[in-house]
Amino acid sequence: MIYLKTDEEIELMRASNILLGKTYAEVAKSIRPGVSTAELDKIAYEFIMDNGGKPACLGYEGYPATLCTSVNEQVVHGIPSKDQILKDGDIISIDSSIELNGWHSDSAYTFPVGEVSPEVMRLLKTTKEALYLGIEQAITGRRLGDVSATIQNHCERAGFGVVREFVGHGIGRDMHEDPEVCNYGRRGNGIVLKSGMTLAIEPMITLGRRQILVEDDGWTARTIDRKPAAHYEHSVCVRNGKADILSTFDYIQEVLGDRFI
Ligand code: MF3
Ligand code: CO
């Protein structure tokens, strides 16, 4: 069942997503070699609570933290830990969701830590480009497969792998709603998009092979070949002619300055 949102509901979802963007900016200020992923999680938890939000991942199907912090070969759902210390040359994907006034946000961003190799920077850039190219397809009258195929083609043309096991999704009162938004597919396939549909679009892209496994903790997904993976995500509302991007990287950009790609 796909729920179309009213304009009022879209503004509530935007408010939730703006708080999430500001939370990521607070986290970004502390991303550097020597910081632990548990420290980043604490920063996010306190900022969300101070601003009247509910960390929606915390307790979701038993998930134990506010943030998902996925480092290097970890693709998604990495669990923050005081023993996981970032070092120069790492990348870290931060993914989370907030419930604010009954409405969910969802966004993800992969940060370089210190100086990262050109090959890995190209992975980050390509994944972010794929996200925005996919969003360009999230307009009234297009089909969901147009979003999926656009993301897949951009990343595979660049020589990268497209993860199959995790997908984007509808979002709203629930963190995960219909439909599933695959990062692979065929143009012209899938449901026809309608104004007011809200989608979390989230390419998860690998430098090497696309195959992944889930670690024994039951959450952490990593590449089997242990090569790095990137993950960027926006929540968007389908509109005529141009999607409305509800989440934002603007606050992250303010913190990163000329390190923002
Ligand atoms: N944005 C993530 C997702 O859609 C949020 C995961 S929260 C978790 O999968 F609790 F499931 F980890
Ligand atoms: Co998501």
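Two residues are in contact when they have heavy atoms within 4.5 Å of each other. Keep that in mind as you explore this predicted model, where local features need pLDDT of at least 70, side-chain atom pairs count only at pLDDT 80 or more, and totals for chains, interfaces and linings use all residues. Residues are numbered from 1 along each chain as its sequence is written, and side-chain values use heavy atoms, with hydrogens and water left out.

**Stop 1: Ile 92.** Select Ile 92 and look around. Leaving aside neighbours within four places in sequence, its contacts include Ile 31, Leu 40, Val 71, Leu 86 and Phe 111.

**Stop 2: helices 1 and 2.** Now select residues 7-28 (helix 1) and 37-50 (helix 2); helices here are DSSP runs of H or I, at least four residues, numbered from the N terminus. How far apart are their axes? They lie 9 Å apart, at an angle of about 140 degrees. Axes are lines fitted to C-alpha atoms over the stretch in contact, with angles from 0 to 180 degrees between N-to-C directions. Show the side chains where the helices meet: among them are Leu 19 and Val 27 in helix 1, and Leu 40 and Phe 47 in helix 2.

**Stop 3: Tyr 60.** Finally, go to the loop between strand 1 (54-55) and strand 2 (68-71), where you will find Tyr 60; strands are DSSP runs of E, at least two residues. Is Tyr 60 buried, partly exposed or exposed? Its relative accessibility is 28%, so Tyr 60 is partly exposed (buried is under 20% relative accessible area, exposed over 50%, partly exposed in between, with a 1.4 Å probe and protein chains only). Beyond four places in sequence, Tyr 60 touches Met 175, His 176 and Trp 219.

How values were computed: Chains are lettered from A and ligands numbered from 1 in the order in which they are written.
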